[in-house]
Amino acid sequence: MLDLLGTLERTHTCGELRAADAGKEVVLLGWVNRRRDHGNLIFLDLRDRTGIAQVVLDKDLGAEAHLKAEQARPEYVIAAIGKVRLRGKDVINPKMPTGEVEIVASEIRLLNDSKVPPFSPAEDAIGNEEVRLKYRYLDLRRPEMQHNFAVRHKVALAVRQYLSSQGFYEIETPFMTRSTPEGARDYLVPSRVHAGEFYALPQSPQLFKQILMISGFDRYFQIARCFRDEDLRADRQPEFTQIDLEMTFPQQQTVFRVVEGFLAAAFAAVGIKLPTPFPQITYDEAMRQFGIDKPDLRLPGLTDVKFAFAANDLETLAISPGLPIVAVRIPKVGELSRKERDDNRPLFDSRKGAKLIDDLKRLEKSFPDAVNKIREVTGAQSDDLVVLVAGDATAQLRMSDTKSAGRLSEREIAVYSAAGNFRVELARKYAVRHGAFAVTEQVVGSPERDAGQVDGSAAFRPIWVTDFPMFELDEETGRWMPSHHPFTSPHEEDMDRLVSDPASVRARYYDLAMNGLELGSGSIRIHQKAVQQEIFRALGMSDEEAKSRFGFFLEALEYGTPPHGGIALGLDRLVMILAGASSLREVIAFPKTAKAIDLMVDAPTPVSDMQLRELHIRTALKS
């Protein structure tokens, strides 16, 4: 028979007791993590979110309490009343913060029992993720998951406190708004009172936060929930949380200083010192040096080694003479076998005319001087992997080699991108061998690590990427599309080329990347109606279409809109990095599967015909 809590109150949490607490009478409440029965002695490991305490039941000291402990099983909820005592030197557990003490219980109350769980929260790892998500309430009891959400809480609190100290107001924006597609599909909400019409869940608070700047609030932020109906992967969920902010009259560097400030505060909250200011690089330089617009600085960058080859060498190798030849170096991988090289080739994308040369020893036989120069300029050691990526002279492509106002051509970007993506894939594959991506537990923290600041400058490598292209050409439609959202301001000196040479126009847009992940993106916005209309026209949008989609915003721009700008950072991704997790699902309390299903509550589900009729909806699914 189960016991009642009555008037009993907890005096201490399970994880806080130390040697200095010896002799204290305590009341602990929690779950049985493990039970060990040694006859007259029963040991219960009692768990709550703060940690584990060992409770001892000695039959000679209390037969009734011992009998209750015999009935207890893992995941039973119990109360333990007793006295703290020091453990003997030979039975101290140095792996537990509470390992120097134990509680000799005089009373046990069984507050609730538990079915045998499909997995034990005491397990370090559970292989079946679907089972974890179906029984998420059990999964969240695991110390690793409890730690992740402690990190999340500390990060969000530190961000709020910092931004408040800098004069930002936290203001909520609507969840139910109009559909203004921003690249992904909207989640639509049918209106009951307006037949045939729909709200949309926000992909971001973009237009609302700009309107808040028009409203004179000067500095806004929000820990905002956002929704995008798109395909899922490890770092993407249909509903997610971002740190959203906007301010009036900023320079780009103003935004950077604010973001660096709240990130430094967030990292400090979990014991990590994040050096500021962060390095900055333009988009073109990021492509040249890393082949990607979210560089991972923990690995060597790309090196252009075209100088190492003579013109006739390029002809022999069928390499395009007008394009770069890029060396990719991955440290400490060692020499690869022919099979390993063959296995790696599917990781290389040659669809846009890039050519891979992955056997440097073979190349050295014909071009020894060139290979020596490559090893010298890249700083390659004997155990480093070096491959080359160049333009394929035999590829038949429609892409242009023409540069706009000094910017990289489409074909140059294709070569750099192929090299950059291959660099990341190789690094992921050989991370264990070269250790470049290893982020130690000491740095990211763990449930057992005591608070204390450590230097994160090597493990966490942020970088700002600026001056993105304003437009990109849609190969299917032949239309220029915004590289980002269409409310981003072009550089003032590029305005006169919006129609005549859109490829050359630079956006006042910036990304913050860390360890190869995009943490956030933002821009200085368009604040003049005429410029905003010009951008819509440059995108092939008629004035009527612009008015239909964004008329309320264009009208708001007519009423004294100040220059403004901002950014949004993914809170989930930030916590994922800090927790050392491999997926967003490890830092979101109730995530969806890769098929956008909530296995715990079994959503989505069909609804009744009556509900559909009230919403003026009829489904047309094939049986």
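**The second largest pocket**

Reply: Strand S7 (residues 188-190) gives the largest share of the lining of the second largest pocket, namely 3 residues (strands are DSSP runs of at least two residues, helices of at least four, numbered from the N terminus). The model is predicted, so that local features need pLDDT of at least 70 and side-chain atom pairs pLDDT 80 or more, while totals for chains, interfaces and linings use all residues. Residues are numbered from 1 along each chain as its sequence is written, and side-chain values use heavy atoms, leaving out hydrogens and water.

The second largest pocket holds about 660 Å³ of space, a pocket being an open set of points on a 1 Å grid where a 1.4 Å probe fits, with protein on both sides within 12 Å along at least five of seven lines. It is lined by 20 residues (those with an atom within 4 Å of a point), and the closest to its centre are Tyr187, Leu188, Pro190, Pro604 and Thr605. By class, this lining has 15 nonpolar, 2 polar and 3 charged residues, where Asp, Glu, Lys and Arg count as charged, Ala, Val, Leu, Ile, Met, Phe, Trp, Tyr, Cys and Pro as nonpolar, and the others as polar.

Pro604, one of those residues closest to the centre, also leads us to Ile597, which, leaving aside neighbours within four places in sequence, is in contact with Pro591, Lys592, Ala603 and Pro604 (heavy atoms within 4.5 Å). Ile597 is found in the loop between helix H17 (571-579) and helix H18 (609-614), and because its relative accessibility is 29%, Ile597 counts as partly exposed, that is, between buried (under 20%) and exposed (over 50%), with a 1.4 Å probe and protein chains only.

Key:
Grid points are joined across faces, edges and corners, and a volume is the space filled by probe spheres set on the points.
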